[in-house]
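Subject: Handover of a structure and notes on its contents

Dear colleague,

Please find the sequence and the structure below. I would be grateful if you read the notes that follow with the structure open beside them.

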Amino acid sequence: MKLKAENISFKYPSAKNYLLKDVNLELDNKKVIGLIGDSGSGKSTLCKILSGYITKYEGSVTFDGQPLPKKGFKPVQLIYQHPEKVMNPKWKMKQVLEESWDVPDDVLEEFGIQKSWLTRFPQELSGGELQRFSVVRSLNPNTKFLIADEMTTMLDAITQVQILDSVLKVVKKRNMGFLLVSHDMPLVETICDEKIYFKDISGV
Amino acid sequence: MEKVLDVENVSISFIQYTKGLNQRDLKVISDLTLDISEGEILAVLGSSGSGKSLLAHAIFGILPENANLNGKIKYKGKELSQEDKEEIRGKDIVLVPQSVNFLDPLMKISDQAIGHTESDEERKAKKLKQREIFEHYNLGPEVDEMYPFQLSGGMARRVLVSTALLSDPKLVVADEPTPGLDEKTVQETLNHFKHMKEDGIGVLLITHDIHAALEVADRIGIFYSGYVIEIALKEDFSGDGENLLHPYTKALYKALPANGFELVKGHQPLHGEIPKGCPYYNRCEWRMDRCKEERPELLELGKKRVRCFKYEEGVEDET
């Protein structure tokens with residue numbers, strides 16, 4: 001199972017210069033890869049392209065030899081830094097989860113989600129608690145590849161270990177691909193099998 | 001060194017409507033105690049959403065209407081009333097806000113840095129001072145005429161810092177000054193605080209970023225479920241964390257990727273679900289029977305503070 005980006009170039013409509021130029025990247029589900037780069041360098045844009053959020057770009061992204069589906073569930077799921085920005089503020093957490101899949105109790109437990117949190121609204125939970133939901137929501141059985149874009153940057157060190165530990169267990173068990181995007185070198189050194197420096201691949 | 005700020009047993013709660021006309025009193029900060037001396041940087045470290053920004057709002061008297069503030073906030077030993085806060089804010093105590101969003105988008109930088117003036121002379125004097133400080137922070141004359149949207153992240157940070165310093169403050173409160181900045185700008189921002197310290201200014205740094213706190217702070221207050229549970233010296237965050245006192249602080253230190261990435265179970269109790277006794281009771285490896293029912297007070301141990309019964313007899317030598 002390979003997530004492959006070929007000759008990706010991208011610039012925002014209002015920008016003069018390309019943010020990404022001829023990026024080539026091949027990721028598989030055998031290793032945990034870390035992507036390291038400064039903020040504002042275009043890492044997040046690349047993540048959005050790899051997961052199918054941005055569709056207007058030059059080049060091609062394929063997963064398992066196929067282009068990313070335009071409709072329906074996306075096999076490549078992206079988790080952001082700010083979970084409060086990706087949840088409907090008028091839904092209770094139960095509904096937020098059910099939007100993706102029917103999460104079994106043992107998964108909730110593994111991620112330390114308390115039953116009492118399910119009846120709360122997003123703004124009634126802290127960043128760490130919300131990020132647990134965000135991760136669990138993305139672990140739909142149809143998910144084959146997970147991209148974590150500064151997923152734990154806003155969290156305290158203990159919550160960071162808890163969430164990453166649980167994610168890596170699931171990734172291993174389900175044979176999923178995992179890309180960790182971070183600027184935190186010690187973190188990447190700790191959990192990734194291989195690292196890629198963004199400046200080496202961005203082409204600008 | 002004279003103390004600039006004392007925060008004593010501050011609690012903040014909000015009145016919320018639950019269903020219909022039922023109200024509840026939601027406690028967000030239960031007991032916050034800390035002090036800052038001249039030329040000292042104290043960091044308050046808490047996770048996002050823990051309510052630590054409310055501390056800054058309480059000091060400046062800008063809490064919302066439905067908030068209830070209890071406890072004492074003292075400036076140079078004198079307790080501050082709401083009127084006092086309004087009088088000295090922006091003069092003796094200033095805020096470095098979180099982001100450029102706190103600037104007026106329709107006002108030129110120089111004009112908003114100077115603020116309201118009574119006369120032309122005052123304006124000219126302030127303008128000179130503003131230019132001088134801006135220059136010191138490497139902001140050229142062209143910046144005076146810019147609007148906020150024209151500033152880069154690093155420039156905006158320098159504008160916020162130098163604007164805060166215009167009134168020769170004795171205390172600077174910085175609310176999350178580092179997120180969303182690249183490594184270089186973070187370093188630059190932290191250096192600004194080091195310079196303030198050298199000038200004898202007290203700095204209260206409110207942050208979730210343990211690396212930033214360790215980089216500049218003299219002491220670090222750990223905020224847990226609405227309580228300050230420990231105030232540790234920066235030097236204590238070294239080795240195996242053996243000099244840290246509270247079990248949570250030790251766990252936090254050991255969970256850093258560079259210090260072992262150790263897993264600890266459990267989560268901070270939510271506002272409104274905090275147990276009767278010690279807020280850390282459910283996760284604590286040292287818990288005793290009394291911890292369940294009784295809430296430990298913040299003990300004073302020299303420059304350090306800890307909220308744990310284990311240290312009632314002082315700090316034992318653990319070797």
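I begin with B:F261, which is placed in the loop between α9 (247–254) and α10 (289–293) of chain B. Helices (H or I, at least four residues) and strands (E, at least two) are DSSP runs, numbered from the N terminus. Residues are numbered from 1 along each chain as its sequence is written, and chains are lettered from A and ligands numbered from 1 in the order in which they are written. The model is predicted, and local features need pLDDT of at least 70, side-chain atom pairs count only at pLDDT 80 or more, and totals for chains, interfaces and linings use all residues.

**Two residues with positive phi**

Most residues other than glycine have a negative phi. B:F261 is not a glycine, yet its phi is positive, about 55°. With 19 other C-beta atoms within 10 Å, B:F261 is partly exposed. A residue counts as buried if 20 or more other C-beta atoms lie within 10 Å of its own, as exposed if 12 or fewer do, and as partly exposed in between, with C-beta atoms placed from the backbone.

A:E150, in the loop between β7 and α5 of chain A, also has a positive phi, of about 50°, although it is not a glycine. A:E150 is partly exposed, with 19 other C-beta atoms within 10 Å.

**Where the chains meet**

A:T190 belongs to helix α6 (residues 185–191) of chain A. Leaving aside neighbours within four places in sequence, A:T190 is in contact (C-beta atoms, placed from the backbone, within 7 Å) with B:P257 and B:F261. A:T190 is partly exposed, having 16 other C-beta atoms within 10 Å. The contact between the chains takes 20 residues from chain B and 23 residues from chain A. On the side of chain B that touches chain A, the residues divide into ten nonpolar, seven polar and three charged. In these classes, Ala, Val, Leu, Ile, Met, Phe, Trp, Tyr, Cys and Pro count as nonpolar, Asp, Glu, Lys and Arg as charged, and the others, Gly among them, as polar.

**Helix α4 of chain A**

Helix α4 of chain A covers residues 127–138. Its expected span, 1.5 Å times one less than its number of residues, is 16 Å, and its end C-alpha atoms are 16 Å apart, which agrees. Twelve of the twelve residues of α4(A) are buried, so the helix is largely enclosed by the rest of the structure. These buried residues pack against β6 (76–79), α2 (93–98), α3 (105–110), β7 (145–149) and α5 (157–173) of chain A.

**Two pairs of helices**

Two packed helices are described by the angle between their axes and the distance between the axes. Axes are lines fitted to C-alpha atoms, for helices over the stretch in contact, and angles run from 0 to 180 degrees between N-to-C directions.

The axes of α4(A) and α5(A) come within 11 Å and cross at roughly 10°. That makes α4(A) roughly parallel to α5(A), as angles under 35 degrees count as roughly parallel, over 145 as roughly antiparallel, 65 to 115 as roughly perpendicular and the rest as oblique. A:G128, A:Q131, A:R132 and A:V135 of α4(A) make this contact with A:T159, A:I163 and A:V167 of α5(A). By class, the residues of this contact are three nonpolar, three polar and one charged.

In chain B, the axes of helix α6 (residues 153–165) and helix α7 (residues 183–198) come within 10 Å and cross at roughly 10°. α6(B) is therefore roughly parallel to α7(B). The contact of α6(B) with α7(B) has one nonpolar, five polar and two charged residues.

**The nonpolar core**

A nonpolar core is a set of buried Ala, Val, Leu, Ile, Met, Phe, Trp, Tyr and Cys residues joined through C-beta atoms within 7 Å. Which residues have the most contacts inside the largest one? They are A:I147, B:V172, B:L204 and B:L205, in a core of 125 residues.

B:L204 lies in strand β8 (residues 202–207) of chain B and is buried, with 26 other C-beta atoms within 10 Å. Not counting residues up to four places away in sequence, B:L204 touches B:L5, B:I36, B:L42, B:V44, B:L171 and B:V173.

Yours sincerely

Note on methods. Two residues are in contact if their C-beta atoms, placed from the backbone, lie within 7 Å.
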